[in-house]
Each structure stands twice: as structure tokens, then as C-alpha cells.
Amino acid sequence: MGEKICLITGATSGIGKATAMRLANMGASVVMVGRDQGRGEAALAEIKEKSPNASVDLMLADLSSQKEIRSLADEFKEAYPRLDVLINNAGLFRSKRITTADGIETTFAVNHLAYFLLTNLLPDVLKASATSRIVNVSSGDHSNGTIDFDDLQGEKGYKGAKAYSQSKLANVLFTYELARRLKGTGITANCLHPGAGVRTNFGSGVSGLFGFMVRALKPLMISPEKGAQTSIYLASSPEVEGLSGRYFVKKAGVRSSNVSYDERLARRLWEVSAELTNLPA
Ligand SMILES: NC(=O)c1ccc[n+]([C@@H]2O[C@H](COP(=O)([O-])OP(=O)(O)OC[C@H]3O[C@@H](n4cnc5c(N)ncnc54)[C@H](OP(=O)(O)O)[C@@H]3O)[C@@H](O)[C@H]2O)c1
């Protein structure tokens, strides 16, 4: 990974931090994205301590804000000539419906629209690399999801679990549609499930049954390092060079849910996402 430049969102904690740590240790130039300066600097210092010679940078952006995503893309393009690996990883679970500064339901905004917008703002730097990889962190929970175009943002009735599984299905549909659109460009797009229960900050502070379950199951969960293995594999392994439009679990390409292969659904989601982020369809 010596010559590679990697941009990782949600790198201040959990799977994203473990991914950044390993890629930096493998010699890549790592650009960590965090939303909080203190947490970002703490994670950066931790990585630097473990890999003193690593090239690690921190950029700040609250990914619930489209304005901040646009500034992040500009900041990255000013600082780096190309991007070899983009890892869209930042994600959350919200038990109550909260809207962002852009007026969009937060789960949909951070877990899906941020992946969509950031990726679509970086094509020039991704194309500047001979081959580049986009890695989208989804979840096995995508298989419980449906895309409810009649109530995409839970305005008629919000349930945290439904919003989350919808957003994770959106990650898979987005990856497959992206892979189709990027065919022949040298840019690949794949997605993954990090593992059922990774011991991270995910779900901490969440009320209700979901928060209770997460806290109760923590001792049984796998470590963030283990949960990061498939992200690291897709970012770095020669075994997946040129492979695109696939879903991985435990470093193996597997079948995702039936609905995730619906191309019309993926196209419609793309169009709606473009509209919500003011991008051309
Ligand atoms: N943990 C699991 O069992 C599990 C299972 C399946 C899939 N996943 C997926 O794995 C990914 C990583 O989650 P994790 O388990 O590592 O959770 P985590 O420890 O909570 O990490 C989530 C990361 O996302 C960042 N983030 C959240 N909202 C953000 C926002 N508005 N703007 C910028 N950054 C934001 C967090 O930043 P802060 O540090 O500032 O909070 C943190 O760095 C998520 O996409 C999740 O859906 C996790």
C-alpha cells in the first residue's frame, strides 16, 4: 500500500479507526475523516503512536451536512492529486426521528446520502489513479430492508430499525449501480458486512430495545480489528483487483438480499438521491 492514498470516513472510532490504523501500518497515506476535532486528534495520535512513520492526515466534516461534505471534497482535492481508495464507513443508528440542517432524516442522510454525495464529488481524483477502489460499509441487516419511496425519510412513521436497514440496503443498491456506471473506468466499487456484532461505539447512547440489546451483547461481540478485516481486504488485497459490484462477508464475495439486485430500484434510488443532494441524475 506504500504509494496508495486512502480516504476513510468515520475514522475516529470502531471499524473505521481500526481500518485506518491497519492501512497506515501497511504504509498507505491515510486521510481520516472525523466530525469532532478532539476525537479526531485523539485517533490520529493513537495511529501515529502505533505507526510513527505513517502518513496520516485528519479532515473534519459532519457528514449529516451536505455543505460540509462539499467542503471536505474540496479540501481533499486541494491537498491530494489523486485518490486510490475511498472507504465510506461512517454510520449511525437513531431510535428517534431527527432531521439534519438540510432537513433530511439523519439515518438516511449520514448512512446513505453522505456515501452517495462524497463519492460523486470525487470522480476526478479517483480517475487520476490508474485503478482505484470504492469500499462501502453496509451491514447484513440490509436483508431486512426495503426502500420505501412513499416514506423514504420516515415522515409518516419512523422506526429506528426500519430506517437503519433501509439505509444499509441503500448502501448495497448504491454500490451495484455505481459499479455499473463505472464499468471500464478502472474504478471498482464493492460493499461489505463487517460482522454481526462488532464491539464499537455503534448504538451506544441509543435508547429503547436496540440500545439495550447492543449493550447486553457487547461481551459477545468481535473486536473492531476483526470487524475491519473485510474493509482492509477490499481496500488492499490484490485478490480483488478489478472485481466490482460485489458484496463481501468475511473476505468472501457472497450473495446479498434478492431485492438488492433490482436494477430498476437501484436506478430510482440513484435519481432520488441525486435530487436530494442537488447533483445531476
Ligand atoms: N458495529 C457493528 O456491529 C456493525 C455491524 C454492521 C455494520 N456496521 C457498520 O459499520 C460502520 C462503522 O460503524 P462502527 O460499528 O465502527 O460504529 P462507531 O464506533 O459508532 O463508528 C461510527 C463512526 O461514524 C462517525 N459518524 C457518525 N455520524 C457522523 C456524522 N454525522 N458525521 C461524521 N462522522 C460521523 C463516528 O464519529 P464520532 O466518533 O464523532 O461519533 C464514528 O467515527 C457503520 O456504517 C455501521 O453501519 C457496524
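Ala, Val, Leu, Ile, Met, Phe, Trp, Tyr, Cys and Pro count as nonpolar, Asp, Glu, Lys and Arg as charged, and the others, Gly among them, as polar. The structure described here is a predicted model.

**Cavities**

There are two cavities of 30 Å³ or more.

The lining of the second largest cavity is made up of L63, S64, Q66, I69, D102, I104, A109, L113, A114 and T277. At least two lining residues come from each of the helices α3 (66–79) and α4 (106–120). Helix α4 gives the largest share, three residues.

Around the largest cavity lie E105, D151, L152, Q153, G154, G157, Y158, K159, K162, A163 and Q166.

**A helix pair**

Helix α1 (residues 14–25) and helix α9 (residues 229–236) have axes that come within 9 Å and cross at roughly 45°. Angles under 35 degrees count as roughly parallel and 65 to 115 as roughly perpendicular, and α1 and α9 are therefore oblique to each other. Their crossing is right-handed. On the α1 side the contact is made by I15, A18, T19, R22 and L23, and on the α9 side by S231, I232, A235 and S236. Of the residues in this contact, five are nonpolar, three polar and one charged.

Notes
Residues numbered from 1 in each chain as written. Predicted model: local features only at pLDDT ≥ 70, side-chain atom pairs only at ≥ 80, totals over all residues. Heavy atoms only, no water. Axes fitted to C-alpha atoms, helices over the stretch in contact; angles between N-to-C directions. Helix = DSSP H or I, 4+ residues; strand = E, 2+ residues; numbered from the N terminus. Parallel < 35°, antiparallel > 145°, perpendicular 65-115°, else oblique. Left-handed = near helix turned anticlockwise from the far one by under 90°. Contact = heavy atoms within 4.5 Å. 1 Å grid on protein atoms, 1.4 Å probe; cavity = no way out; pocket = protein on both sides within 12 Å on 5 of 7 lines; lining within 4 Å. Points joined across faces, edges and corners; volume = space filled by probe spheres on them.
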